[in-house]
Amino acid sequence: MILTLTVNPALDIYSRVQNIQPGEKLRCEQPKLDPGGGGINVSRVIKRLGGSSVAIYPKGGHTGSVFQDLLQQEDIQQDPVSIQNALRENFAVTDTATGELYRFGFPGPELSEVDIQNIHKRLDQYERADFLVASGSLPPGVPNNFYSLVAKKARELNIKFILDTSGKAYEGILEEGAYLLKPNQNELEALVGGRKATNREEQKDLLREVVINYPIEIVILSLGGDGALLATKDEVRHFPAPQVEQISSIGAGDSMVAGVVHGLFQDYSLDQAVLFGLACGSATLKSPGTELLKKKDAEELYSRLQQQIKI
């Protein structure tokens, strides 16, 4: 079983408009609503790939009800934790005259200490899970070390913990440990105290430092269009990303995580899972607005990568 945890979900609103101009009334097309947030997108992509997961997230207010209904329409297994405040909304719009995408994010609902405790307690119900993927930002009221406490809970339940977050939300995770981390370059530098990695060899050195000195089994350093570096205690290896025409980056990182964990759950080797994750991320780049990947695109890109590097 795969669990996903999204502490700061968002009702994503996407539309298109021609010629964005300051001060003008901009008449947008009919909006598209999607349930969003890191772990939620991971669950949605896993479903599109033919797998299944259980999405755990806080749910409150009118937006929370809409959010739950949207997940039901996609047949996503979910286990929401009730909170008092409404879920946030995010807005993205494409200027059809230029093709430029504009993204606007809003703060999440403040979670109380009781809300946080209820999320931790909910995890206790899944002691037979194989993977727990925590992804996304932290909302107001949640301490920076929240994910390190989730990592501790996962270890106690013997669940492999995967984390994809940013900034201060990584606090304590190196000391607590995790099965897999997926930072980008800035996040990796922050993890090791601000040391810079301006080239590939420096990146590899920092990755070796993390996997050798801390209880972290795997780090996948996302390099965008340059692919990823996979670090284990045995080696650090580069994997290329398939080249595609980028239409929208929304959900691409989440899609990569989904591809990796889905692959691992399907008994792919670690190398194969990383390649499949890169294929999934690139497949979502090809999709407009908040739309996620198509399974067919992901499989075609994965096949192309396998032929390229002979795994």
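Reader: Starting with the second largest pocket: how do its lining residues divide into nonpolar, polar and charged?

Author: Seven of the residues lining the second largest pocket are nonpolar, two are polar and five are charged. Keep in mind that this is a predicted model.

Reader: Noted. How much space lies in that second largest pocket?

Author: The second largest pocket holds about 230 Å³ of space.

Reader: And which residues lie nearest its centre?

Author: R155, I159, A178, Y179 and E217 lie nearest the centre of the second largest pocket, out of 14 residues in its lining. The elements that give two or more residues to that lining are α4 (146-156), β9 (160-164) and β10 (178-181).

Reader: Which element gives the most to the lining of the second largest pocket?

Author: That's α4, which supplies three residues.

Reader: OK, on to the largest pocket. What volume does it have?

Author: The largest pocket comes to about 1200 Å³. It has 48 lining residues, and the closest to its centre are R103, S249, G251, A252 and G253.

Reader: Which elements give two or more residues to the lining of the largest pocket?

Author: There are strands and helices in the list: β2 (10-17), β6 (88-95) and β7 (101-104), plus α1 (38-48), α8 (252-265) and α9 (270-285).

Reader: How do the lining residues of the largest pocket divide by nonpolar, polar and charged?

Author: For the largest pocket, 26 lining residues are polar, 15 are nonpolar and seven are charged.

Reader: Let's look at α8. How many of its residues are buried?

Author: Twelve of the 14, so α8 is mostly covered. The buried ones are A252, D254, S255, M256, V257, A258, G259, V260, V261, H262, G263 and L264.

Reader: How far does α8 reach from its first C-alpha to its last?

Author: α8 spans 20 Å, close to the 20 Å expected at 1.5 Å a residue. D267 follows α8 and has a positive phi, near 70°.

Reader: Which other residues have a positive phi although they're not glycine?

Author: D75 and N158 are among them, at about 60° for D75 and about 60° for N158. Most residues other than glycine have a negative phi.

Reader: Where does D75 lie, and is D75 buried or exposed?

Author: D75 sits in the loop between α2 (61-73) and β5 (77-82). D75 counts as exposed because its relative accessible area is 52%, and the cut-off for exposed is over 50%.

Reader: And N158, which loop is that in?

Author: The loop between α4 and β9. N158 is exposed as well, with a relative accessible area of 69%.

Reader: Which residues line the largest cavity?

Author: I162, L180, K182, I220, M256, V257 and V260. By class, six are nonpolar, one is charged and none is polar. α8 gives the most to this lining, with three residues.

Reader: What does D164 touch?

Author: Leaving out residues up to four places away in sequence, D164 touches A134, S135, G136, Y170, K182, G253, D254 and V257. D164 is in strand β9 and is buried, at 11% relative accessible area.

Reader: What about N145, where does that one lie?

Author: N145 is in the loop between β8 (131-135) and α4. N145 counts as partly exposed, at 28% relative accessibility. From N145 to I173 is 28 residues in sequence and 7.7 Å in space, C-alpha to C-alpha.

Reader: Last bit, the whole protein. How many helices and strands?

Author: Ten helices and 13 strands. Buried residues make up 55% of the 311 in the protein.

Reader: What's the radius of gyration against that of a compact globule?

Author: The protein has 19 Å, which agrees with the value near 19 Å for a compact globule with 311 residues. The C-alpha atoms fill a box of roughly 55 × 45 × 40 Å along the principal axes. Among contacts with a separation of 6 or more, 64% are between residues 24 or more positions apart.

Technical notes. Residues are numbered from 1 along each chain as its sequence is written. This is a predicted model: local features need pLDDT of at least 70, side-chain atom pairs count only at pLDDT 80 or more; totals for chains, interfaces and linings use all residues. Side-chain values use heavy atoms; hydrogens and water are left out. On a 1 Å grid over the protein atoms alone, a cavity is a set of points where a 1.4 Å probe fits but cannot get out, and a pocket is an open set with protein on both sides within 12 Å along at least five of seven lines; lining residues have an atom within 4 Å of a point. Grid points are joined across faces, edges and corners, and a volume is the space filled by probe spheres set on the points. Helices (H or I, at least four residues) and strands (E, at least two) are DSSP runs, numbered from the N terminus. Ala, Val, Leu, Ile, Met, Phe, Trp, Tyr, Cys and Pro count as nonpolar, Asp, Glu, Lys and Arg as charged, and the others, Gly among them, as polar. The expected span of a helix is 1.5 Å times one less than its number of residues. Buried means under 20% relative accessible area, exposed over 50%, partly exposed in between (1.4 Å probe, protein chains only). The radius of gyration is taken over C-alpha atoms; the globule rule is 2.2 Å times the number of residues to the power 0.38. Contact means heavy atoms within 4.5 Å.
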